[in-house]
Amino acid sequence: MTTSSAPGEGPVRPVSVSLHEGTIAALKARTGKRGMSAYVEALIQRQLERDRLRELIEDAEAEHGPVEQVAVETKRAILRGDTAGSADAA
């Protein structure tokens, strides 16, 4: 019986992936040869988080309807610290 590990957990094991030569060169230039696995692991974890967030948003919109763009922009202004644009955000 195998147990499933969450992203970022469990033992590390090698896998094979195919990448374009230019992508590999850019990756090596950024990470060095020894940092490639950690970099790719972090990228994949981040993408999995984004995918899950997108699924949660889609589920919420299916249940409650789409969010108004004005509300999104107001919340973005608050997160950026733009208090001038967020006076009536509450």
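The model is a predicted one, in which local features need pLDDT of at least 70, side-chain atom pairs count only at pLDDT 80 or more, and totals for chains, interfaces and linings use all residues. Residues are numbered from 1 along each chain as its sequence is written, and side-chain values use heavy atoms, with hydrogens and water left out. The chain has three helices and zero strands, where helices (H or I, at least four residues) and strands (E, at least two) are DSSP runs numbered from the N terminus.

**Helices**

- Read from the N terminus on, the elements of the chain follow the order α-α-α.
- Helix H2 has 29 residues and reaches 42 Å from its first C-alpha to its last, close to the 42 Å expected at 1.5 Å a residue, the expected span being 1.5 Å times one less than the number of residues.
- Helix H3 (residues 69-80) has twelve residues that should span 16 Å at 1.5 Å a residue, and its end C-alpha atoms are 16 Å apart, which agrees.

**Surface and the segment before H1**

- Buried residues make up 7% of the 90 residues in the chain, with buried meaning under 20% relative accessible area, exposed over 50% and partly exposed in between (1.4 Å probe, protein chains only).
- The accessible surface of the chain comes to about 8300 Å², of which 54% belongs to carbon and sulfur atoms; such areas come from the Shrake-Rupley method with a 1.4 Å probe, and for residues only the protein chains shown count as cover.
- Ala 6 lies in the segment before helix H1 (21-31), and its relative accessible area of 36% makes Ala 6 partly exposed.
- Although Ala 6 and Gln 45 are 39 residues apart along the chain, their C-alpha atoms are separated by 9.9 Å.

**Pockets**

- A pocket is an open set of points on a 1 Å grid over the protein atoms alone, where a 1.4 Å probe fits, with protein on both sides within 12 Å along at least five of seven lines; lining residues have an atom within 4 Å of a point.
- The largest pocket has a volume of about 870 Å³, a volume being the space filled by probe spheres set on the points, which are joined across faces, edges and corners.
- Of the 20 residues that line the largest pocket, the closest to its centre are Arg 13, Val 15, Ser 37, Glu 41 and Ile 44.
- Helix H2 (residues 36-64) gives the largest share of this lining, eight residues.
- By class, the lining of the largest pocket has 13 nonpolar, four polar and three charged residues, where Ala, Val, Leu, Ile, Met, Phe, Trp, Tyr, Cys and Pro count as nonpolar, Asp, Glu, Lys and Arg as charged, and the others, Gly among them, as polar.
- The second largest pocket has a volume of about 170 Å³, and its lining includes Arg 54, Glu 61 and Gly 65.

**Salt bridges**

- The count comes to two salt bridges, each defined as a side-chain nitrogen of Lys or Arg within 4 Å of a carboxyl oxygen of Asp or Glu.
- Glu 55 forms a salt bridge with Arg 52, the closest N and O atoms being 3.5 Å apart, and both residues lie in helix H2, three residues apart.
- Glu 73 forms a salt bridge with Arg 76, with the closest N and O atoms 3.0 Å apart, and because they are three residues apart in helix H3, about one helical turn separates them.
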